[in-house]
Amino acid sequence: MLGPLPTLLKTSLLLLAVAALGVGCGFGGGGNLTLGYLDWNENVANATLTKVLLEDDLGYDSVELKLADRVGLVYQDLIDGETEAFQDAWMPNHQQYVAEGEGRIEVLEAPWYVGKTRYGIAVPDYMKGVDTISDLDHSGTEMITGIEPGTVLMERIASDVIPRYHLSSNLVEASTPAMLTELKQSYRMQEPIVFLAWSPHWMNREYDFHYLSDPKNAMGPVDAPQSIHTVARKGLADDDPAAYALISAMRLDADEVASLEISINNAANPEAGVRRWLEERKNREVVRPWVEAAKKGQEE
């Protein structure tokens with residue numbers, strides 16, 4: 001009874017060590033990862049794309065997507081170690097959130113979005129004569145249909161834009177999907193709607209609209225072009241080199257983001273939409289270098 005015990009113990013310890021090495025690295029299907037995200041279309045798209053590639057191409061057992069209902073909370077989850085990365089940091093607008101996690105999170109240097117962003121208050125082109133924020137009080141609606149509370153643009157509209165222009169319009173908080181539903185309905189009926197718009201986003205393909213100019217510069221730098229980065233937990237590069245390599249290598253342009261979002265919109269769920277998008281050869285070629293970088297990370 002006592003003779004084989006040391007050998008059995010050694011074998012058990014070896015198996016435990018091998019299992020421990022697999023967790024978090026994705027090698028051999030042992031990986032687990034949690035990504036934080038907001039219900040913004042480009043974030044749903046890139047987070048789900050990351051999940052599908054890690055699970056389908058790199059053998060991760062499980063990649064969880066943790067939804068936050070406001071910007072501050074998605075950063076707090078990252079700072080607290082509840083998530084490993086957040087892939088929709090609009091810089092420099094999100095600098096205040098990044099600063100709160102100094103020493104615990106890092107902004108990946110290269111933006112994943114290739115192109116210039118746009119961000120601001122917009123109206124459909126059929127709303128003639130509404131070209132500046134000053135025109136909003138005779139736009140036909142007293143409501144600015146917003147998105148999630150805590151976003152930099154929402155805060156600036158409430159604190160600066162409405163007071164400086166003496167607008168009677170009310171800023172209404174909503175989820176991004178709710179805002180897009182209102183836009184769809186109003187656009188179909190050719191009814192007036194004032195909403196928040198940005199690029200990259202599929203709305204720029206689906207609707208004819210224009211951003212309102214800001215002659216009093218009440219927006220300040222908030223509506224200036226941004227770069228969109230991934231923010232990761234400090235130490236992720238060492239703890240999970242494959243996932244870190246994948247998200248570091250991600251690059252998408254405006255057309256690729258829009259086509260991915262539209263594929264998701266037309267599918268039963270985001271993962272099905274991503275997999276359908278990846279069936280197209282040109283899209284598979286887009287992600288190929290990211291996957292290769294991640295596989296190299298697994299081997300190191």
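A cavity here is a set of grid points where a 1.4 Å probe fits but cannot get out, and its lining residues have an atom within 4 Å of a point. With that settled, I opened the predicted model.

**Entry: second largest cavity.** I listed its lining as Leu 108, Ala 110, Trp 112, His 229, Thr 230, Ile 247, Ser 248, Met 250 and Arg 251. β11 (227–233) and α9 (241–249) each give at least two residues to this lining. By class I noted five nonpolar, three polar and one charged.

**Entry: largest cavity.** My search of the whole structure returned two cavities of 30 Å³ or more. The largest has a volume of about 100 Å³. Among its lining residues I found Trp 40, Trp 90 and Trp 198, along with His 94 and Glu 42. The lining divides into six nonpolar, two polar and one charged.

**Entry: largest pocket.** Next I turned to the open space. The largest pocket comes to about 410 Å³. I counted 18 lining residues, with Asn 41, Leu 180, Trp 202, Glu 261 and Asn 265 nearest the centre. Helices α2 (41–57), α6 (176–189) and α10 (254–265) each supply at least two of the lining residues. I sorted the lining into 10 nonpolar, four polar and four charged residues.

**Entry: the whole chain.** Last, I stepped back. I found 12 helices and 12 strands, and 51% of the 300 residues count as buried. The C-alpha atoms fill a box of roughly 90 × 40 × 30 Å along the principal axes. The accessible surface is about 14200 Å², with 52% belonging to carbon and sulfur atoms.

Conventions: Residues are numbered from 1 along each chain as its sequence is written. This is a predicted model: local features need pLDDT of at least 70, side-chain atom pairs count only at pLDDT 80 or more; totals for chains, interfaces and linings use all residues. Side-chain values use heavy atoms; hydrogens and water are left out. On a 1 Å grid over the protein atoms alone, a cavity is a set of points where a 1.4 Å probe fits but cannot get out, and a pocket is an open set with protein on both sides within 12 Å along at least five of seven lines; lining residues have an atom within 4 Å of a point. Grid points are joined across faces, edges and corners, and a volume is the space filled by probe spheres set on the points. Helices (H or I, at least four residues) and strands (E, at least two) are DSSP runs, numbered from the N terminus. Ala, Val, Leu, Ile, Met, Phe, Trp, Tyr, Cys and Pro count as nonpolar, Asp, Glu, Lys and Arg as charged, and the others, Gly among them, as polar. Buried means under 20% relative accessible area, exposed over 50%, partly exposed in between (1.4 Å probe, protein chains only). Accessible areas come from the Shrake-Rupley method with a 1.4 Å probe; for residues, only the protein chains shown count as cover.
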